[in-house]
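Colleague: I am new to this structure. Please walk me through it, one question at a time.

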Amino acid sequence: MRKTVLIVALLAVLVVFPFFMGEFYINLASQILIAAVFAMSLNLLVGYGGLSSLGHASFLGFAAYACAWSITRLGFDPFAAGALALVATLLLAAFFGVIALRATGLGFMMITLALSQVLWGLAYRWAAVTNGDNGMSIPSRPRLFGLLLDDAASFYWFALGVTLIAFVCIAVFIGSAFGASLQGTRDQPRRMAALGHDVWMVRWLTFIYAGFWGGVSGLLYIYYNKYIHPTSLAITSSAEGLLSVIAGGAGTMAGPVVGAVLVVILKNYVSSYIERWNMLLGIVFLLIVLFVPEGIVPGSRRIFLRLRGASKG
Amino acid sequence: MQFWVIQTLNSLALGGLLFLLASGFSLIFGLMRLANLTHGALFMLGAYIGANLLRDSDTFNLWGAAILSGLAVALVGGLLERLVLRQLAGNSLGQVLATLGVAFIISDACLLIWGGDPIPVPTPSSLARPIFFAGLAFPTYRLVVVCVALLVALALYVLLERTRLGAMIRAGVDDREMARAVGIPISALFTAVFCLGAGVAGAGGVIAGPILSAYPGLDADMLPLALIVVILGGIDSLVGAFIGSFIIGFVYTFGTALLPDLAYVILFLPMIIVIAFRPQGLFGRLQA
């Protein structure tokens with residue numbers, strides 16, 4: 001009961017947020033939502049599947065590029081282009097999954113990294129299609145119910161809606177029987193195989209599902225920025241997502257969202273004072289891995305439970 | 001004809017450089033089960049230190065700078081192993097993430113110290129002129145790079161197969177627990193191998209200097225190539241790293257020369273084919 005009240009209150013705050021805040025903060029919140037969808041999709045693999053991908057930016061970048069390409073070259077409207085981009089991203093995820101899931105553990109990580117570097121290289125070099133280092137722009141944000149999402153607040157609501165849908169879809173996926181078997185393949189792959197589960201198939205379908213939501217975050221990204229550059233496919237981009245997941249707490253629903261808040265605020269806010277974002281990213285990575293390896297959400301939950309236990313006892 | 005000669009030599013030289021990078025990566029992986037993502041950054045750090053030494057003084061020639069820079073990078077590697085990775089023993093995901101974090105720190109520190117402009121590394125004057133043979137010009141420095149890579153390969157082979165230290169490393173690769181039980185100082189060995197791998201990468205960065213120069217992003221260019229090499233050749237195999245380096249050297253060089261737009265896709269074809277049919281790589285025993 002108290003939990004429901006809390007959730008409703010949180011949602012209400014999120015919805016009315018733009019009425020009380022300046023444009024800078026609304027835009028910052030939109031960026032957090034995009035990063036949160038990206039981190040949640042990666043969390044499916046890292047947290048629930050035990051498959052640490054270092055190439056998840058592939059799906060964000062690919063979907064964004066595919067969308068920009070369909071708009072500028074095929075003349076699609078942004079939503080049709082987005083649908084096309086999502087289909088293409090699904091196919092890409094299916095293909096990458098077949099290759100990357102030949103391995104698990106460190107091998108999986110290195111293969112996903114290598115695959116995403118290939119896309120990064122293509123984005124840079126295949127200038128005839130991707131415009132190379134100039135990146136690709138789209139003329140405008142999409143129009144939803146006849147309303148152009150051009151101002152900060154309406155885009156924020158749009159992103160919030162998509163993020164909530166993503167959150168619910170991922171939570172339902174994790175809560176389902178399939179989600180339980182996914183966590184089984186993470187903890188005890190051999191026993192799961194002995195029980196008759198097709199471990200590879202469970203992982204592959206999850207990989208595709210994670211790729212899909214990664215693609216959705218890519219669409220939000222291109223709609224928001226109206227621009228995509230090869231750096232979005234670079235290893236730093238994948239690493240930021242992974243940092244969000246690990247920092248917030250892999251394998252929890254709230255963790256990646258909290259991690260995304262932390263990473264985006266660090267990136268946008270702190271970087272306006274110091275120039276060295278990559279160094280900061282590296283240092284935060286190191287500190288989290290060394291000192292809060294389980295992530296902020298499980299870590300603070302542990303502290304909270306201990307405090308409550310202490311006050312009762 | 002001249003095109004093919006030059007491109008073949010370029011391929012061999014790139015293969016040699018990749019071997020300097022990938023051999024250390026695969027040694028570290030084989031012994032420590034650790035994917036060292038700082039390897040590209042260490043290569044770049046080596047290149048910058050070497051370029052700096054050669055720019056600021058006339059005391060060093062390229063080889064002196066390579067050795068000195070290799071030692072400095074080996075020290076950095078040793079510190080990284082002792083101070084960071086040691087804290088995370090047994091947590092392989094944590095270790096990879098830590099190496100990734102350190103890679104970002106190193107590469108940003110290089111940008112901070114040496115700026116955004118590439119620093120060229122001069123070819124040693126004695127090797128700057130091509131050798132003419134049968135009416136064709138052969139760029140001397142590239143031949144020398146291939147020879148250096150062969151020498152390093154030979155030295156690593158002798159070290160691993162013919163010395164006591166090598167026997168201990170091989171024992172550690174095969175069965176870490178048993179090796180520890182019979183009294184091999186695995187902990188010291190880890191540091192030694194990490195220093196060795198880092199040092200070879202750092203020296204490799206300097207030797208690559210006259211061909212690639214030192215520039216921001218060198219790490220991000222080299223690390224994927226090294227990964228592709230070891231995935232292709234077999235992640236725990238030095239022979240695999242050797243063969244893989246030259247395969248990738250050829251594929252990348254000819255791909256870039258003939259189909260520049262799609263070089264990256266072509267680069268990755270051998271890797272897909274190998275992963276599809278032999279996930280442990282051409283010469284690997286261990287499935288990563």
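Colleague: How many helices and strands are there in chain A?

Modeller: This is a predicted model: local features need pLDDT of at least 70, side-chain atom pairs count only at pLDDT 80 or more, and totals for chains, interfaces and linings use all residues. Residues are numbered from 1 along each chain as its sequence is written, while chains are lettered from A and ligands numbered from 1 in the order in which they are written. Helices (H or I, at least four residues) and strands (E, at least two) are DSSP runs, numbered from the N terminus. On that basis, chain A has 14 helices and four strands.

Colleague: What is the radius of gyration of chain A?

Modeller: The radius is taken over C-alpha atoms, and the globule rule is 2.2 Å times the number of residues to the power 0.38. For 313 residues the rule gives 20 Å, and chain A is close to that, so it is as compact as a globular protein of that length. Its C-alpha trace spans about 65 × 50 × 40 Å along the principal axes. The radius of gyration is 20 Å.

Colleague: What share of the residues of chain A count as buried?

Modeller: A residue is buried if 20 or more other C-beta atoms lie within 10 Å of its own, exposed if 12 or fewer, and partly exposed in between; C-beta atoms are placed from the backbone. Of the 313 residues of chain A, the buried share is 50%.

Colleague: Why is α3(A) called largely enclosed?

Modeller: Helix α3 (residues 57-74) of chain A has 18 residues. The expected span of a helix is 1.5 Å times one less than its number of residues; α3(A) reaches 24 Å from first C-alpha to last, close to the expected 26 Å. Just after α3(A), A:Gly75 takes a positive phi of about 75°. The helix is largely enclosed by the rest of the structure because its buried residues number 15 of the 18.

Colleague: Which elements do the buried residues of α7(A) pack against?

Modeller: Helix α7 (residues 152-175) of chain A has 24 residues and reaches 34 Å, close to the 34 Å expected. Its buried residues include A:Phe155, A:Tyr156, A:Ile170 and A:Ile174. They pack against α1 (2-20), α2 (23-48), β2 (143-144), α8 (177-187) and α10 of chain A.

Colleague: Is A:Lys226 buried or partly exposed?

Modeller: A:Lys226 lies in the loop between α10 (199-225) and β4 (227-228) of chain A. Most residues other than glycine have a negative phi. A:Lys226 has a positive phi of about 55° although it is not a glycine. With 17 other C-beta atoms within 10 Å, A:Lys226 is partly exposed.

Colleague: Which residues is A:Ser52 in contact with, leaving aside its neighbours within four places in sequence?

Modeller: A:Ser52 lies in the loop between α2 and α3 of chain A. It counts as buried, with 24 C-beta neighbours inside 10 Å. Two residues are in contact if their C-beta atoms, placed from the backbone, lie within 7 Å. By that test, the partners of A:Ser52 are A:Val46, A:Phe108, A:Met109 and B:Leu93.

Colleague: Which element gives the most to the side of chain A that touches chain B?

Modeller: The contact takes 34 residues from chain A and 37 residues from chain B. On the chain A side, α5 (105-125), α11 (235-248) and α13 (277-291) give two or more residues. The giver of the most, with 13 residues, is α5(A).

Colleague: Which residues have the most contacts inside the largest nonpolar core?

Modeller: A nonpolar core is a set of buried Ala, Val, Leu, Ile, Met, Phe, Trp, Tyr and Cys residues joined through C-beta atoms within 7 Å. The largest has 207 residues. B:Ile228 is in contact with A:Ala114 and B:Leu267, among others. The residues with the most contacts inside this core are A:Ala114, B:Ala226, B:Ile228 and B:Ile231.

Colleague: Where in chain B is confidence lowest?

Modeller: pLDDT is the predictor's confidence in each residue, from 0 to 100. The mean pLDDT of chain B is 87, and 99% of its residues reach 70 or more. Helix α3 (residues 62-84) of chain B is highest, at 92. The lowest, at a mean of 74, is strand β2 (residues 136-138) of chain B.
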